[in-house]
Amino acid sequence: MNERASLKKALITGITGQDGAYLAEFLLGKGYEVHGIKRRTSLFNTQRIDHLYRDPHEPGVRFFLHHGDMTDSSSLMHIIEKVQPDEIYNLAAQSHVAVSFEEPEYTANADALGTLRILEAIRTLGLKDKTRFYQASTSELFGKVREIPQKETTPFYPRSPYAAAKLYAYWITINYREAYGLYACNGILFNHESPIRGETFVTRKITRGLARIKLGLQDCLYLGNLDAKRDWGHARDYVEAMWLMLQQPEPDDFVIATGSQYSVRDFVNAVAHELGMELEWRGSGREEKAYWLNPPPPSGRGAGGEGQPIVAVDPRYFRPAEVETLLGDASKARERLGWRPRVPFDQLVKEMAQADLKEAQREQLMRAHGHAVSNRLE
Ligand code: NDP
Ligand code: GDR
């Protein structure tokens with residue numbers, strides 16, 4: 001057997017996303033040959049994985065990209081047949097909860113039926129004894145929580161088209177395991193973040209927004225529900241849990257979480273503290289605002305500079321149905337997988353805030369040299 005043939009092969013859907021990038025790096029570090037599925041986009045959209053990519057014509061390359069889409073069975077079937085992966089990590093999804101209310105049908109197609117398409121490909125290609133399958137399930141399944149903290153046995157109550165689609169994906173994964181004997185696992189992952197988190201998820205929106213405000217590039221950060229509480233971990237820790245799930249003697253489902261909970265307001269305060277900005281909150285509910293007290297903000301600006309708020313609530317960011325509180329209990333993963341989170345909340349905030357401060361400094365420099373920079377953020 002030549003060296004290439006003896007490598008374990010992993011196929012990652014959603015390779016261009018936050019988790020796809022961390023997982024690809026992790027698996028390459030473990031010696032895997034890594035294949036990623038990327039949908040066609042008009043721009044490259046490979047910023048998160050550019051550091052891993054090498055010209056496939058070079059010898060010894062272990063990282064490959066394939067064009068495919070979760071809504072297109074034939075592309076998925078073709079790629080899986082060609083790659084013959086030992087492990088498939090299904091991370092691709094329309095992953096934004098608020099957007100799922102605007103695009104419910106597409107979300108169901110990509111997130112629910114997309115999962116079925118991969119499972120069917122494994123089954124019909126006769127790979128059920130070779131290919132292990134990981135499904136990116138989510139704490140959003142718990143939705144309107146009926147038990148605190150949430151664990152594998154807590155009942156589900158989805159609160160968005162995203163969560164409803166992921167509920168189908170969760171059960172079809174279990175169904176293929178029970179009906180056809182596939183090695184298929186659900187990782188029920190609570191929120192996990194990083195400096196490469198998408199800019200419209202609340203943590204990154206806050207670190208990016210406050211860093212830009214500090215440097216005078218933005219006046220105000222508009223947010224929705226400040227009282228929502230989440231269990232936030234670091235994506236790097238969480239991709240290791242995905243891999244561990246596929247290395248066990250038997251397939252199973254696991255909650256992955258830190259066991260600590262903070263509100264959106266807490267996250268704002270922690271980021272402001274990290275950036276050396278003292279805030280004062282005034283008002284409540286939809287009128288709640290935060291003012292930058294110390295050190296005195298740069299003068300001559302609009303909001304923030306002259307008694308104007310730098311954080312304000314905009315009802316546009318409220319969801320038609322909200323998940324108010326999530327807190328995970330990952331005891332099963334700790335006991336069976338030996339997994340535990342390494343990065344505590346403060347360190348996560350520090351890493352994200354400092355990365356976005358650097359990014360804002362770069363933007364400031366570009367503006368100073370007359371380059372147009374887009375700051376559009378929904
Ligand atoms: P991202 O939104 O960062 O990445 C999603 C990935 O899916 C991107 O690569 C995206 O491609 C791809 N994708 C979307 N639609 C399609 C499609 N139709 N065909 C092919 N690819 C598609 O998500 P994360 O990395 O944060 O999350 C990974 C997975 O884990 C998702 O399934 C998410 O729902 C789930 N999850 C995430 C949690 C978190 O806190 N991050 C917690 C629990 C579950 P493109 O770059 O082109 O948009
Ligand atoms: P979530 O993450 O919905 O938990 O889904 P997000 O960061 O979008 O929201 C977390 C909480 O913050 C509140 N919030 C805001 N959210 C956004 N995006 N923008 C705002 O301005 C804002 N203001 C307040 C939200 O209402 C919510 O309560 C993420 C995704 O990664 C999913 O794919 C994944 O399944 C779950 O985490 C676990």
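Among contacts in the protein between residues at least 6 apart in sequence, what percentage join residues at least 24 apart? The share is 76%, a contact being a pair of residues whose C-beta atoms, placed from the backbone, lie within 7 Å. This is a predicted model, in which local features need pLDDT of at least 70 and side-chain atom pairs count only at pLDDT 80 or more, while totals for chains, interfaces and linings use all residues. Residues are numbered from 1 along each chain as its sequence is written, and chains are lettered from A and ligands numbered from 1 in the order in which they are written.

**Overall build**

- The protein has eleven helices and 15 strands, counted as DSSP runs (H or I of at least four residues for helices, E of at least two for strands) and numbered from the N terminus.
- The C-alpha trace spans about 70 × 50 × 40 Å along its principal axes.
- Of the 378 residues, 45% are buried, where buried means 20 or more other C-beta atoms within 10 Å of the residue's own, exposed means 12 or fewer, and partly exposed lies in between, with C-beta atoms placed from the backbone.

**Helix α3**

- In α3 (residues 73–83), Leu76, Ile79 and Ile80 are buried; they lie on the same side of α3 because they cover an arc of only 95° around the axis, the arc being that of the directions from the helix axis to the C-beta atoms.
- These buried residues pack against β1 (9–13), β2 (33–38), β3 (63–67) and α5 (104–124), whereas the face turned away from the buried side carries the exposed residues Ser74 and Lys82.
- Gln84, which follows α3, has a positive phi, near 50°.

**Helices α5 and α6**

- The axes of α5 and α6 (residues 161–180) lie 8 Å apart at an angle of about 15°, where axes are lines fitted to C-alpha atoms over the stretch in contact and angles run from 0 to 180 degrees between N-to-C directions.
- The two helices, α5 and α6, are therefore roughly parallel to each other, a term that applies to angles under 35 degrees.
- Residues meeting across this pair include Ala108 and Leu119 in α5, and Ala165 and Ile172 in α6.
- Glu120 is found in α5 and counts as partly exposed, with 16 C-beta neighbours inside 10 Å.

Methods: Contact = placed C-beta atoms within 7 Å. Parallel < 35°, antiparallel > 145°, perpendicular 65-115°, else oblique.
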